[in-house]
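Thank you all for coming.

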Amino acid sequence: MLKIAAEGIAPRLAACCLINSSAQSSCQRIAPQAAKATQKYLSQSQMHYKKLVIKDHYEFDQKVINSDNPVIVNFHAEWCDPCKILTPKMLELLENSNEIDLAIIDVEANLDLVETFEVKAVPAVLAFRNGVVVDKFIGLVDANSIETLIDKLKRKQQQKNQ
């Protein structure tokens, strides 16, 4: 949706420039650049909200434990083939959800978090609400299992908001 909004900027800028014909050539050069920059900004801001990359225990506390939204935490490793399948699938399933965040934790860079949450295998996924683990699974699971977890978190979030 944000992409559509960003793409709609170029024609509007070009249309505005038609009113003043002396500025038309400069507007035609600027409009595509403005649309591209706006689209990039909107894409980054949307991804920033969805995907949290956790680099240390402090960031974990700030972005997961203290989050107002439920957070699905994905412990993964670059060398892990199932992780390379699971992470994009989770991002896809959470794409239209504003109520749940996804935190990505590299197990090799965050050994203290691995020990704290007793992660024995990757991928390991923990669901947090109000700083507490409310659900988890280990390994590559099918999309239905992930959707069930997301729906469960959404339902509880909606009940909390009522």
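Let me begin with a definition: two strands pair if DSSP finds at least two bridges between them. Helices (H or I, at least four residues) and strands (E, at least two) are DSSP runs, numbered from the N terminus. What you see is a predicted model, in which local features need pLDDT of at least 70 and side-chain atom pairs count only at pLDDT 80 or more, while totals for chains, interfaces and linings use all residues. Residues are numbered from 1 along each chain as its sequence is written, and side-chain values use heavy atoms, with hydrogens and water left out.

With that in hand, please look at strand S4, residues 124–129, which pairs with S5 in the antiparallel sense over six bridges. Arginine 129 stands opposite valine 132 in S5, and alanine 124 has isoleucine 138 in S5 as its bridge partner. The two strands form a hairpin with two residues between them, and asparagine 130, in the turn, has a positive phi of about 55°.

Now for the whole sheet, which is open and has five strands in the order S1-S3-S2-S4-S5, with mixed pairing. Why is one side of S1 and of S5 left without a neighbour in the sheet? Strand S1 (51–54) and strand S5 (132–138) stand at the edges and each has a single partner strand, so one side of each has no neighbour there. From one strand to the next, the twist averages 25°; for such angles, axes are lines fitted to C-alpha atoms, for helices over the stretch in contact, and the angles run from 0 to 180 degrees between N-to-C directions.

Turning to the helices, H4 (residues 57–65) lies across S1, S2 (71–76), S3 (101–106) and S4, and runs at about 155° to S1. Helix H5 packs on the sheet as well, touching S1, S2, S3, S4 and S5, and its direction makes about 165° with that of S2, where contact means heavy atoms within 4.5 Å.

Within H5, which spans residues 81–94, I would like to pick out threonine 87. Is this residue buried or exposed? Threonine 87 is buried, because its relative accessible area is 11%, and buried means under 20% relative accessible area, exposed over 50%, and partly exposed in between (1.4 Å probe, protein chains only). Not counting residues up to four places away in sequence, threonine 87 touches Asn74 and Ile104.

Next come the aromatic rings: those of Phe, Tyr and Trp (its six-membered ring) pair if their centres lie within 6.5 Å, with planes under 30 degrees apart counted as stacked, over 60 as edge-to-face and the rest as tilted. By this rule there are four aromatic pairs. One of them joins phenylalanine 60 and phenylalanine 128, edge-to-face, at 5.6 Å centre to centre with 80° between the planes. That pair links distant parts of the chain, with phenylalanine 60 in helix H4 and phenylalanine 128 in strand S4, 68 residues apart. Phenylalanine 117 and phenylalanine 128 also form an edge-to-face pair, at 5.4 Å and 90°. Phenylalanine 117 counts as partly exposed because its relative accessibility is 22%, whereas phenylalanine 128, at 1%, counts as buried. Ring pairs link Phe60, Phe75, Phe117 and Phe128 into a cluster.

Finally, the structure holds one disulfide (a pair of cysteine sulfur atoms within 2.5 Å). Cysteine 80 and cysteine 83 form it, with their sulfur atoms 2.4 Å apart, and both cysteines are buried.
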